[in-house]
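Here is a brief report on aromatic contacts and a surface patch. Look at the structure first, then read on.

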Amino acid sequence: MSLQPSYLTDSALRTKCARPCASRFRPAPSFVVLARVKAQAICNDVDRSLKSVTRRQLLATIGSAYVGLALSTPSSAVAADGVPAPIGPPEGNATLISTADVEVLASQEKLVLSINRRIQAQNRVPGDFPGFVREGFDVKVVGDGYVVAPSGLIYKDFEVGTGAQPTDGQEVVFNYTGYNESGSVIDTSFRQGRPAQTRLGVGGMIPGFEEGIKTMKPGGKRRIVVPPALGPPVGPSTFFSAKQCEVFDVELIAVRTCTRRQVMMFSDLVCE
């Protein structure tokens, strides 16, 4: 569609006006077509109401069309039915299968599992570490003795522990080591030289990790496989791989009850 109203019939004037427009107003590609349509309508209105227009007025008119359209463009994608579409890749599904079920896998899936096991061996993963067969965003978790919670969380107890399970508001003290699907260590409390500690129910942990530790008892040892739907935030500022399962070996050391202490104008939280 051409931006050529009747008062721009002179070719020299068209060139003179077009160059500043091109250099001053460079909208994003998704705005170009709509901006041209809106600018054409504005120019037609001006052409009908005014027989002459200055170059400055023309630049201001087209510029306002570009800027107004850019400001009014939605920041999120919208589906055909008007419902905002989710931004980013889907989370996919994690399905638990036993090692006996590997025999019924397709040849391509067996090859993927073989490569995954080879990389895990190079990373020196601990014993009974689960294997992963990824196909797009969906993944099959291969392991024996694991339990699948209603939320989709996968875990396996090595030691059950004794005592009461922690609840929201209490502080948990634990050691942990986190791995990705390839068996690379992504984080561990042993690097800090002391156990980690945090309160439950305050949003301070990965959702799947917190769910897994809530059903443990002091002294218990558990391996937690966190599916992407219950996983951590991803992005450049995090060390977690985008949309992967995360594996955590956790040892719950202690559970502490927290109370608020008031001293004159000041208060703090004491957990013991």
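Buried means under 20% relative accessible area, exposed means over 50%, and partly exposed lies in between (1.4 Å probe, protein chains only). This is a predicted model: local features need pLDDT of at least 70, side-chain atom pairs count only at pLDDT 80 or more, and totals for chains, interfaces and linings use all residues. Residues are numbered from 1 along each chain as its sequence is written, and side-chain values use heavy atoms, without hydrogens and water.

**Aromatic pairs**

Rings of Phe, Tyr and Trp (its six-membered ring) pair if their centres lie within 6.5 Å; planes under 30 degrees apart count as stacked, over 60 as edge-to-face and the rest as tilted. The whole structure holds 5 such pairs. Two of them share Tyr-176.

| Pair | Centre to centre | Between planes | Class |
|---|---|---|---|
| Phe-174 and Tyr-176 | 5.8 Å | 50 degrees | tilted |
| Tyr-176 and Phe-209 | 6.1 Å | 70 degrees | edge-to-face |

Tyr-176 is buried, at 14% relative accessible area. Phe-174 is buried at 4%. Phe-209 is buried as well. Tyr-176 sits in strand β6 (residues 171–179) and Phe-209 in helix α5 (residues 207–214), so their pair ties together parts 33 residues apart in sequence. Helices (H or I, at least four residues) and strands (E, at least two) are DSSP runs, numbered from the N terminus. Ring pairs link Phe-174, Tyr-176, Phe-209 and Phe-248 into a cluster.

**Surface patch**

Val-263, Met-264, Met-265 and Phe-266 make a nonpolar surface patch of about 570 Å². Patch residues have over 30% relative accessible area and no salt bridge; like charges are joined within 9 Å, nonpolar side chains (Val, Leu, Ile, Met, Phe, Trp, Tyr) within 5 Å. A salt bridge is a side-chain nitrogen of Lys or Arg within 4 Å of a carboxyl oxygen of Asp or Glu. Accessible areas come from the Shrake-Rupley method with a 1.4 Å probe; for residues, only the protein chains shown count as cover. Met-265 is exposed, at 74% relative accessible area. Met-265 lies in the loop between β11 (258–263) and β12 (266–271).
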